[in-house]
Amino acid sequence: MRIIGATCFALRIPFVEAFGHSASVRSRSDSVVLRLTAEDGTVGYGEGLPRPYVTGETVETCVDRIANCLWPAIADSDFPATDPGPDAGRLLDLVERSLPDGDAGGVVAWHAARAACELALLDVLLRRCQRSLGEILRPRRASVTYSGVISGGPIDSAVRLARVCAEYGLPAVKIKIDGNDARERVAAVRDAVGPEVSLRVDANCAYTPEEAVTMLEALAPLDIACAEQPIPRGDPAVLANVRSRSPIPIMADESLVTLADAEALIQAGACDFFNLRASKCGGLARTLEIARMADRAGLRLQLGCQVGESAILSAAGRHLAAHLERVSFVEGSYGNRLLVEDVSQESVAFGRGGQAPLLGGPGLGVDVRDDVLRAHAETTTILGEV
C-alpha cells in the first residue's frame, strides 16, 4: 500500500497564558503537523515541535526537511496493505526503517521532522486496519498520572500556579528556575503545595557548572526529587562533575537528543534521570530505544513534552507513558488548559489528581479536526495528492 498524499501545517495556536523558562518565552504552539493520505483514502496525522535550542530545528527548516528528505522516502515506500495481526509490534520497526536520517546539516538532529512523519505513518497504517497504537505499545498500567509544571516569571505567579496544582490534587510539580532567586522561588512553591507533593526543578541550561552546584546545595533542604538540565548541553564529563557534587539527583534533557547522546551520558555517569520527549528524541522507536538503554544502566525516566504539543503528540505520549515499565514522572496532555483550541474532537487533558485514561481508538486514538488545522496554520504546504 502506498501513501499518495501529504500536507504540512505550520501551526501557530495561541496559548491561554504565556509560558516561559530560561531558554524561551512562548505565547503560541509553533508546531508542525503532517497529514498523510493512503491510496485507499485513509488519513493519519503526526506532529513535531521543532525547537532551535533543543534539536536545532525551526518550523521552517522542519517543513523543508519533511518536504525534501522524508516525504520522498515515504512516497517511494510500499507499506503492508493487510492487518499486521500478532506481529503488530514489527510495524514500528518497519516505519522507523522507512525514514532516512540523511545529512544533519548543522542541526543537532532532525528529530521533530522525523517524529511528525513516524507518527503520521503509524496513525494512517493502524487506522487502515482499525488497530490501536496501544496494541503495539502494550500498556503496563490502567491509567496515566501527570504532573504539573510551573513556568518562569514572578514568584507571586509561581505561587498562584502552585496553589492551582495543589487544589487540583497533582501529586508532583516541576518548577522552572533561573537566576539568583531559585531558592526563594522554590521555597515559596514548597510552602504553597505542602510537604506531600513531589517537587523537581528545571533550569533549562541556565547556570554555569559552579553556579549550578551552588544552586543545588541551596535547594537541597527543600526536598527536591531531581534537577533537570542545570547546565548547557556539552561535554557529558562536565555534567558528570556537577552530578558528583550535587546533593540532588540530576536529569538530562537538552543534553539528551540522540542515541549517541544517551550512550555518552551513560558512559560518563553524567545523570540519574533521562527526560524523554517523542519530538526531541525522533519519534517513538528511538524514544523507546533510549528508554531501554536507560533501563540497562539503572537510570530513572521522565516522559516529558514540548510546550505547546497538541492532542496528536499528547496521544503518542499517553501511549508511551502507559507502556514504559518504570517512569517516575509524566508531563503533557494540557489540551485546552494551554491551547486556546486543541486539534482533536475529544479532550486529551488530564483530570483531577493528574489522572488520564488510556486511549483505545484506532491509530493514535484521537480524531483530528482539519478545520482547526486550517484555522491555525500560518503556512500549508501540499506535498502530494490530497
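This is a predicted model: local features need pLDDT of at least 70, side-chain atom pairs count only at pLDDT 80 or more; totals for chains, interfaces and linings use all residues.
User: Which residue just after α5 takes a positive phi?

Analyst: Look just past the end of α5. Phi is about 90 degrees there, and the residue is Gly194.

User: How do α8 and α10 run relative to each other, parallel or perpendicular?

Analyst: Two packed helices are described by the angle between their axes and the distance between the axes. Axes here are lines fitted to C-alpha atoms, for helices over the stretch in contact, with angles from 0 to 180 degrees between N-to-C directions; under 35 degrees counts as roughly parallel, over 145 as roughly antiparallel, 65 to 115 as roughly perpendicular and the rest as oblique. The axes of α8 (residues 259-268) and α10 (residues 284-297) come within 10 Å and cross at roughly 10 degrees. The two helices are therefore roughly parallel.

User: Which residues of α10 does α8 meet?

Analyst: Contact means heavy atoms within 4.5 Å. From α8 come Leu259, Ala262, Glu263 and Ile266, and they meet, in α10, Arg286, Glu289, Ile290, Met293, Ala294 and Ala297.

User: How many residues of the contact of α8 with α10 are charged?

Analyst: Ala, Val, Leu, Ile, Met, Phe, Trp, Tyr, Cys and Pro count as nonpolar, Asp, Glu, Lys and Arg as charged, and the others, Gly among them, as polar. The contact of α8 with α10 has seven nonpolar residues and no polar ones, and the number of charged residues is three.

User: What about α10 itself: what should its 14 residues span?

Analyst: The end C-alpha atoms of α10 are 20 Å apart. That agrees with the expectation at 1.5 Å a residue, which is 20 Å.

User: Over to Lys174: with which residue does its side chain make a polar contact?

Analyst: Lys174 lies in strand β8 (residues 172-176) and is buried, because its relative accessible area is 3%. A polar contact is a pair of N or O atoms within 3.5 Å; within protein, one must be able to donate a hydrogen and the other to accept it, and residues adjacent in sequence count only if both atoms are side-chain atoms. Leaving aside neighbours within four places in sequence, Lys174 touches residues including Gly148, Arg200, Asp202 and Gln302. The side-chain partner, at 2.9 Å, is Glu331.

User: Which residue's backbone nitrogen lies 3.2 Å from the side chain of Asn275?

Analyst: Asn275 sits in strand β12 (residues 273-276) and counts as buried because its relative accessible area is 1%. Not counting residues up to four places away, Asn275 touches Glu228, Met251, Asp253 and Gln302, among others. The backbone nitrogen 3.2 Å from a polar atom of the Asn275 side chain belongs to Gly304.

User: Gly169 and Arg352 are 183 residues apart in sequence, but how far apart are their C-alpha atoms in space?

Analyst: Gly169 is in the loop between α4 and β8, and at 38% relative accessible area it is partly exposed. Leaving aside neighbours within four places, Gly169 is in contact with Arg352 and Gly353. From Gly169 to Arg352, C-alpha to C-alpha, the separation is 6.1 Å.

User: Is Asp30 buried or exposed?

Analyst: Asp30 lies in the loop between β3 (24-28) and β4 (31-38). Its phi is near 50 degrees, a positive value in a residue other than glycine. Relative accessibility is 10%, so Asp30 counts as buried.

Technical notes
Residues are numbered from 1 along each chain as its sequence is written. Side-chain values use heavy atoms; hydrogens and water are left out. Helices (H or I, at least four residues) and strands (E, at least two) are DSSP runs, numbered from the N terminus. Buried means under 20% relative accessible area, exposed over 50%, partly exposed in between (1.4 Å probe, protein chains only). The expected span of a helix is 1.5 Å times one less than its number of residues.
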